[in-house]
Amino acid sequence: TNVLMRVQRDDGVVVYVNGSEVARDNMPAGTLTYATRSVGSIADEQEWLTLSIAPSALRPGTNVVAAEVHQQNSTSSDAGFHLTLRADGYFASPSAPAPRLVVTISDGGQVRISFPAANDLRYAVDASEDLVNWQPVTTNVVTGGTFQYSTGTGNPPARFYRARQVQ
């Protein structure tokens with residue numbers, strides 16, 4: 001549901017996902033060739049530019065990300081480029097809504113997670129303390145129901161949970 005691209009470029013960049021242009025910065029409008037120059041130079045080539053990408057640009061399975069980097073002039077002594085692409089959230093098709101997780105924690109640190117079965121789709125459950133670093137809470141893939149796991153004794157740390165659809 002959220003796709004963010006961060007890019008460092010020297011000087012202009014055009015990014016494609018699965019063959020479609022999704023971002024253009026410091027480049028002229030219209031058709032480009034390998035000889036097209038950027039519209040200007042970048043003062044701080046180490047600065048990250050953050051852009052939002054439409055989630056529909058991604059598809060299930062393998063995706064291809066390609067980028068063109070263009071210089072302002074042919075005598076430039078360097079070229080630079082870094083790109084990160086991060087997708088978060090859950091996109092459900094109308095026929096497969098995301099399951100609603102119910103999480104309960106006992107005094108002993110037992111976490112109980114349950115969710116209804118949904119059209120025989122398979123889910124793995126992950127946990128995160130920061131919504132960035134997700135770890136599986138079980139290696140089992142479930143189609144719905146209830147399972148438990150232990151976070152140890154005492155009060156478990158605050159965590160976020162998600163059900164991730166798997167093949």
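The model is predicted. The chain has 12 strands and zero helices, and 29% of its 167 residues are buried.

**Overall make-up**

- Read from the N terminus, the elements of the protein chain run β-β-β-β-β-β-β-β-β-β-β-β.
- When contacts between residues at least 6 apart in sequence are taken, 68% of them join residues at least 24 apart.

**Pairing of strand β1**

- Strand β1 spans residues 2-10 and strand β6 spans residues 80-88.
- These two strands run antiparallel and are joined by nine bridges.
- Within this pairing, V3 has A87 in β6 as its bridge partner.
- Strand β1 also pairs with strand β4, which covers residues 49-53.
- The pairing of β1 with β4 is antiparallel too, and it has five bridges.
- Here R6 has T50 in β4 as its bridge partner.
- Strand β1 therefore pairs with both β6 and β4, since two strands count as paired if DSSP finds at least two bridges between them.

**Backbone geometry in the loops**

- As background, most peptide bonds are trans, and most residues other than glycine have a negative phi.
- The peptide bond from D10 to D11 is cis, and its omega is near 15°.
- D10 is in the residue range of strand β1, while D11 lies in the loop between β1 and β2.
- Strand β2 takes in residues 12-17.
- N18 is not a glycine, yet its phi is positive, at about 55°.
- The loop that holds N18 is the one between β2 and β3, with β3 covering residues 20-25.
- N26 is not a glycine either, and its phi is positive at about 60°.
- N26 is placed in the loop between β3 and β4.

**Burial and surface**

- Is N26 buried or exposed?
- N26 is buried because its relative accessible area is 18%, and buried means under 20%.
- The protein chain exposes about 10400 Å².

Terms used:
Residues numbered from 1 in each chain as written. Predicted model: local features only at pLDDT ≥ 70, side-chain atom pairs only at ≥ 80, totals over all residues. Heavy atoms only, no water. Helix = DSSP H or I, 4+ residues; strand = E, 2+ residues; numbered from the N terminus. Buried < 20%, exposed > 50% of the residue type's maximum accessible area, 1.4 Å probe, protein only. Contact = heavy atoms within 4.5 Å. Areas by Shrake-Rupley, 256 points an atom, 1.4 Å probe, with all protein chains shown as cover.
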